Structure formats: structure tokens, C-alpha cells
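Let's take a friendly walk through one part of this structure, then a second. Keep the 3D view open as you read.

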Amino acid sequence: MPKIVVYILFILFSCIIYAQTSEKEDASNVIYFDAILFRGDSLENARLDMYVAIPFQTLSFLRSDRGIFFAKYQISLKCFDLNGNLLEEKILDRTVQTTEYEDSQGLNANFDKSIHSFYLQEGRYRINLTITDLVTKNKIDKNREISVIDYSKYRFSLSGLMIVSDIIEADENASITPFLSDNISNLENGFFLFFEAYNNEQARNVDFVYELWSDTKLIEAGNKVTRFLQKGKNQLYIKIPPLKNLLTGTYYLKVIALPHSSDSIYDESQYLAVSQRTIKYTPTLAGNILENLDLAIRQLRYVATNSQIRYIEEGANYEQKLNRFREFWNALDPTPNTQRNEAFEEYYRRIEYANSRFKSYQPGWQTDMGMVYIIFGSPASVDKRQDYYNPSRVYERWIYTNNREFIFVDNNGFGDFKLLSPTTVTEKYHYNRNR
């Protein structure tokens, strides 16, 4: 087994858009954070490695006199015991620079990446990560609870599990690419689990098997793989094949160490050690989360034709519907060579805004105001007035820069605005980067 070097070539989703509900966090507030527990330099402590990746689109960039775009932010990592006592803290200021305007707008899906460590004794802890944009003072928080064991108490033990998208072996070294997201739906070709095994006995063969659980139900179990372990620390990885037919939700992925045996059957009495982590499965498009595919398809009415929507809806199963949905948006992607699909992001961002702003007797995206906003975006100006003869009737006029205007009327004063002029809208949404 070659020595494994963790080259932090983070593989990440370019961004996350929660398209079907306004109750989720804003896409601009997405950061990536993972915390993996390893044995420390001594047997009595553990090393918690924390991986942080900040998308450029999350940061506010300024332009210097020399034409350099720069952003400044602060990383605050705090470790608390479960009584709320602060045990350790790291505060680091970071500066990100780029000469490319597209980078400063987050259009190239770039990240600022870093690794940090705490050394902890046996116990349970809460880790708090706070990212503060030093330009806008906006803050983003993430929290994790960690259980630390005393590795000296065990003859055999395992570290935490790191999801790895790629492993490259060369000579005596292997480089790994951590995947800093619990959502594995984008890893269509499967992935690896990297971990360390600590063997305090003589060198020997050990069998490893993975299991995928949903609550108390076993969903899938892999075949045994055998590894020869030296005494002491061993760096290992096992391949997890593509996980098929998963429903949207949270799962538990376990790695179980067993005494080497030709028997394919095993039970808990044979376990040498177990390590597990949560993973999520939520279908995605270019990293954008699709929490309700059927609803997302219905919401295509302002960008797709009826025949295109029917074609997607008539997919034989969920997977075929999802593939057709992806094909539709891939054809509209203004930057097909990047991980982002800006047209998709903007369209569903407008739907989310319409749901929060124009909700009436039906969801905001189905109202006349929602329709106009989704297709044409924000108006340049809005004129609102009451009817002189009927004060309960309210008119609202939206004016756009191309001399286009829309007049809505609320006949009862309850915010149920109907499109008065023009009487119909035949145009479809079209992504315009400069709009």
C-alpha cells in the first residue's frame, strides 16, 4: 500500500440553489466544511482535521488601483464541550486575489481552500465554524458534533471516514482528492472512502466491508476486501460503487473491520472496529440541489414549451425524468465548459423570489406577477395607485427599460393582482448575463 498524500484538490459543487422552497438558506451563503477524526501523535489524543472551502461567489470583492480584485474574510474555529465551555479557538484572516473579473463574480466556480486541526482528548465536542466577510461583515456559521475516543484503549481502531472522489497512485505515493459535501448524488461513478486503521498487534490480514443504512434498515452491503496491515498506522481506501435507486434523504455509511476469513457471513460479535458517517442523496443539476423533481418540471412552464414539458414528464421512471430534465437545462447552459449553469440558477432563483414576494391564493410562481417577474426579471420602476372611484381596487404598473410595461389590478385589496394589460404573455424566459 503506497503512502497516501492528501493533496487538497477539493472537488466541490459549484454552488447550491434550493429551488423549490423559500425556507432554505441563500445560495450566496454556501460554504463547504468537513471534519475528520484521526489518531494524534500520541495514543491518548486525537487530531481533528477540518477542511474549509469558500466559493468566490460567497465573498465580496473590491478592485484595487492596480486592477486587482481582492476579498478579505476571517475564519473562526471554536471547540466547545457539551456544557458550552470554550476549549480551543483558531482565528485566521485570509485574503483572496484575482486578476479576472469573472473570478470576482464567482463565474468560474473557484474556491479558497484551507485545512486546520485541533488536538483533542477523549470526549464529546461541538465544533463551530464562522466565516466573516471583512468587507460586508456578513457571517456564515456551520456546526458539527464530534465524539473522540482514547485510541490507547483499543487493540484495533479506525479513524473517521473521508469521502474521496479520486485517487491517483504514482510510485510509492498516492494523492487523494477530498469531496467536501455530504451529498453524493453527483458522484455518478461511485467514490472512495479514505480512512486510517490503527493496529496495535502484529501485522496481519484484515477484512473490510461497507454497509449503507437508512435509519435501522440495511440498504446495501459490499463484498469483503482484504488488506494487509502493518503494526501501527495504516492508510487505506476502499471503492464504493455507484449507489443505485436511492431516494432523496439521509443515510449512514459504515466501514466494518473483521478478522480475515473466507466466510462471507459475519455478525457484530466479529467486529474489530466500526466507523461511520452520514451521507445525503439529493438529485442535482451542475451542483444545484433538486429537492422536488416533479415540482421543478411543472415550474418549467415559463421557459419550456408544453411538448418539452410533456416529454420530460413522460419519462418511464424517476431516473429517466431526471436525465431529460438535465438535458433540457444543459442545452440552455451559457457556460457549458464550467460546473455552473447560470440560466438554471437564475430561473429558479426568480421562482423562489416569486414564491416569497407574490404569494396569493396560489403559489407565487403561478401568479401573474410571478410569471412576469420570472420571464422578464425586476422592473426598472413600479407605479402603484388606488382607483379613485373604488379605493379597494389597486393598480400596479411595472415599467422595463425597453419601454415594455405591464399593468396589474387587485380588485379586492387582498393582494391578488391579475394582469390587466397586456392580456397575455407569449414570451419565454431567456438568460441574459447583462440583465
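## What helix 4 packs against

The buried residues of helix 4 pack against strand 20 (284-285), helix 2 (293-298), helix 3 (306-313) and helix 5 (342-357). Here, contact means heavy atoms within 4.5 Å, and buried means under 20% relative accessible area (1.4 Å probe, protein chains only). Those buried residues are Leu 322, Arg 324, Phe 325, Arg 326, Phe 328 and Trp 329. Helices (H or I, at least four residues) and strands (E, at least two) are DSSP runs, numbered from the N terminus.

Keep in mind that this is a predicted model, where local features need pLDDT of at least 70, side-chain atom pairs count only at pLDDT 80 or more, and totals for chains, interfaces and linings use all residues. Residues are numbered from 1 along each chain as its sequence is written, and side-chain values use heavy atoms, leaving out hydrogens and water.

## Helix 4 meets helix 5

How do the two helices sit against each other? Helix 4 and helix 5 pack at an angle of about 110°, with their axes 8 Å apart. Helix 4 and helix 5 are therefore roughly perpendicular to each other (that label covers 65 to 115 degrees). On the helix 4 side, Phe 325, Trp 329 and Leu 332 meet Ala 343, Phe 344, Tyr 347 and Tyr 348 of helix 5.

Now over to an open sheet of three strands, in the order 2-3-7 with antiparallel pairing (two strands pair if DSSP finds at least two bridges between them). Strand 2 (32-39) and strand 7 (111-120) stand at the edges with a single partner strand each, so one side of each has no neighbour in the sheet.

Notes:
Buried means under 20% relative accessible area, exposed over 50%, partly exposed in between (1.4 Å probe, protein chains only). Axes are lines fitted to C-alpha atoms, for helices over the stretch in contact, and angles run from 0 to 180 degrees between N-to-C directions. Angles under 35 degrees count as roughly parallel, over 145 as roughly antiparallel, 65 to 115 as roughly perpendicular and the rest as oblique.
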